[in-house]
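Hi everyone, thanks for coming along. Please have a look at the sequence and the model on the screen, and then I'll walk you through a few places in it.

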Amino acid sequence: MMLELRDVTYSYPDGHRALAGVDLSIGAGETVALLGPNGAGKTTFVLQLNGILTGGGRVSVDGLEVTKANLAEIRRRVGVVFQDPDDQLFMPTVAEDVAFGPANLGLRGAELDARVDEALEAVGMAEHRHRAPHHLSYGQRRRVAVATVLAMRPSILVMDEPSSNLDPAARRELAEILRGLDVTLLMVTHDLPYAHELCRRAVILDAGRIVADAATSLILGDADLLAEHRLELPYGFAVPDPAA
Amino acid sequence: MGAGHAHPLYREGDSPVHRLPGEAKIAAAVGFTIVVVATPRHQLWAFGCYAVLVAAVLAAARLNPLWLLKRSLIELPFVALAVLLPFVSPGPRFVWLGMHLSLDGAYGAWNILAKATLGVWASLILAATTDVSSLLAGLERLRLPRAAIQIATFMTRYIHVLSGEAKRMRIARLSRGDNPHFLWQARAYASGVAALFLRAYERGERVYVAMLSRGYNGRMPVGAAFPPARGADWARAGVLPAAAAAIAAVAMIA
């Protein structure tokens with residue numbers, strides 16, 4: 001299993017129970033959408049995967065358990081792309097930002113340059129390597145944010161609301177990039193059509209528990225299930241029939 | 001679009017001065033300024049020689065002298081007081097354009113004006129030929145405290161994000177009829193500043209989490225992409241302070 005969670009719980013210091021026993025297994029190469037309403041615990045869930053937050057239960061990534069001693073390797077294996085690219089891109093230039101992760105892994109010189117080129121190439125941003133993040137469009141910044149974790153050659157790519165604030169063209173371009181990557185993908189979103197487009201499997205997280213786990217088309221086709229967890233398809237959108 | 005790491009003073013170019021590593025240029029500019037400050041003020045010729053040195057570096061950096069002069073205006077508020085010195089200082093007097101001026105005061109004014117101007121020129125040339133990243137890498141290699149460099153790194157990046165947020169908040173305030181020209185409407189402005197502070201604080205937390213997620217361990221790989229200065233670079237950058245030191249030595253003996 002690429003990602004395995006067993007009875008993962010987490011409570012914030014104020015007593016709010018954000019995760020109430022999460023079990024989830026994701027195999028290598030799978031594409032999974034984590035759906036859920038606001039406040040369902042999605043972001044808390046993501047931060048368990050790379051040990052930023054640790055609560056009860058067990059989390060392991062490609063067989064390696066998330067423990068304090070393993071944190072450096074865990075954070076290489078789990079590439080988290082956060083929702084706001086301005087949180088992720090903090091170095092003066094695109095290239096330096098993409099180099100941040102691999103440099104933390106100890107890469108230097110030509111090897112580091114090659115890694116930066118490879119990651120920027122993968123998201124189609126190679127010609128912008130010397131620009132400052134604030135000179136890029138929002139869509140370009142999101143793509144660079146993806147490159148910053150690809151540069152660490154992660155085993156699993158975790159994206160928090162990847163389509164938020166993107167115009168339709170940028171949204172499509174990002175989808176094309178994500179489809180072209182050879183990596184296990186976990187996408188946290190409430191953009192249901194985007195989940196359908198990119199992920200074969202979907203799970204619903206609500207009130208800190210996984211309440212549904214099935215093929216994305218089945219989940220999105222179950223209007224009652226969606227309504228029960230405050231999820232809705234956009235007006236006019238119908239899930240294409242998988243049998244057709 | 002120019003290189004993104006440009007700050008307002010940076011002039012893009014590919015001159016021998018641009019190519020020098022940041023640490024060598026910073027050390028040269030600081031060294032030159034110290035030598036200038038240590039020069040006896042009555043040796044007027046020495047300051048002329050320093051100006052020639054600056055002009056030579058300016059030419060090597062292919063910078064426009066007009067740009068340098070315009071930017072030097074920044075020192076005006078600092079040297080404005082110096083103009084008063086010849087009028088108010090005590091001591092022997094001399095007549096110039098019908099005015100009775102203090103000799104000591106005139107030297108004092110000259111001392112401030114000449115040294116400040118040369119220092120400003122050295123800093124401007126450093127800023128014009130060194131981009132932010134190379135400047136930060138240079139400071140790190142010169143063993144400036146790590147925390148200070150990290151703060152500077154974040155500042156250069158987030159000043160744009162924060163000013164963007166401040167602008168949007170201002171427009172939203174104005175759109176709801178706020179008119180900050182009146183003193184009693186300063187309250188909205190003040191709470192805007194407080195909200196901006198909170199937002200910046202929260203963003204700081206999120207940025208830190210994003211950094212941890214990419215393996216941050218307390219040390220920034222600033223300048224990993226910049227090769228450190230080699231002997232030849234130090235020698236090239238050292239020409240300016242060395243020449244200045246030679247001039248200063250003659251000025252002190254003479």
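Let's begin with Thr31(A), which sits in strand β3 of chain A, a strand covering residues 31-35. Bear in mind as we go that this is a predicted model. How far apart in space are Thr31(A) and Ile156(A), C-alpha to C-alpha? They are 9.7 Å apart, although 125 residues separate them in sequence. And what does Thr31(A) touch, once we leave out residues up to four places away in sequence? The answer is Leu185(A), Leu198(A), Cys199(A), Arg200(A) and Arg201(A).

Staying in chain A, let's turn to a pair of helices. Two packed helices are described by the angle between their axes and the distance between the axes. For helix α6 (residues 138-150) and helix α7 (residues 168-180) of chain A, the axes come within 10 Å and the crossing angle is roughly 20°. Angles under 35 degrees count as roughly parallel, so α6(A) is roughly parallel to α7(A). The crossing of these two is right-handed. On the α6(A) side, the contact uses Gly139(A), Arg142(A), Arg143(A) and Val146(A), and α7(A) brings Ala170(A), Glu173(A), Leu174(A) and Ile177(A). Sorted by class, that contact of α6(A) with α7(A) holds four nonpolar residues, one polar and three charged.

Helix α2 (residues 22-38) and helix α3 (residues 44-60) of chain B have axes that come within 11 Å and cross at roughly 165°. Parallel or antiparallel? α2(B) and α3(B) are therefore roughly antiparallel to each other, and their crossing is left-handed. Phe32(B), Val35(B) and Val36(B) of α2(B) make the contact with Phe47(B), Tyr50(B), Leu53(B) and Val54(B) of α3(B). By class, there are seven nonpolar residues here, with no polar and no charged ones.

α3(B) also meets helix α7 of chain B, residues 103-129, with axes coming within 11 Å and crossing at roughly 15°. That makes this pair roughly parallel, and the crossing is again left-handed. From α3(B), the residues in contact include Leu44(B), Phe47(B), Tyr50(B) and Val54(B), and among those they meet in α7(B) are Tyr107(B), Trp110(B), Lys115(B) and Trp121(B). The contact of α3(B) with α7(B) divides into 13 nonpolar residues, no polar ones and one charged.

Last stop: a pocket. The second largest pocket has a volume of about 500 Å³. Which residues lie nearest its centre? Of the 23 residues in the lining, they are Thr43(A), Leu47(A), Gln83(A), Asp160(A) and Arg206(B). Two helices, α1 (42-49) of chain A and α10 (186-213) of chain B, each supply at least two lining residues. α1(A) gives the most, with four residues. As for classes, the lining of the second largest pocket has eight nonpolar, nine polar and six charged residues.

That's my tour, so over to you for questions!

Key:
Residues are numbered from 1 along each chain as its sequence is written. Chains are lettered from A and ligands numbered from 1 in the order in which they are written. This is a predicted model: local features need pLDDT of at least 70, side-chain atom pairs count only at pLDDT 80 or more; totals for chains, interfaces and linings use all residues. Side-chain values use heavy atoms; hydrogens and water are left out. Axes are lines fitted to C-alpha atoms, for helices over the stretch in contact, and angles run from 0 to 180 degrees between N-to-C directions. Angles under 35 degrees count as roughly parallel, over 145 as roughly antiparallel, 65 to 115 as roughly perpendicular and the rest as oblique. A crossing is left-handed if the near helix is turned anticlockwise from the far one by less than a right angle, and right-handed if clockwise. Contact means heavy atoms within 4.5 Å. Ala, Val, Leu, Ile, Met, Phe, Trp, Tyr, Cys and Pro count as nonpolar, Asp, Glu, Lys and Arg as charged, and the others, Gly among them, as polar. On a 1 Å grid over the protein atoms alone, a cavity is a set of points where a 1.4 Å probe fits but cannot get out, and a pocket is an open set with protein on both sides within 12 Å along at least five of seven lines; lining residues have an atom within 4 Å of a point. Grid points are joined across faces, edges and corners, and a volume is the space filled by probe spheres set on the points.
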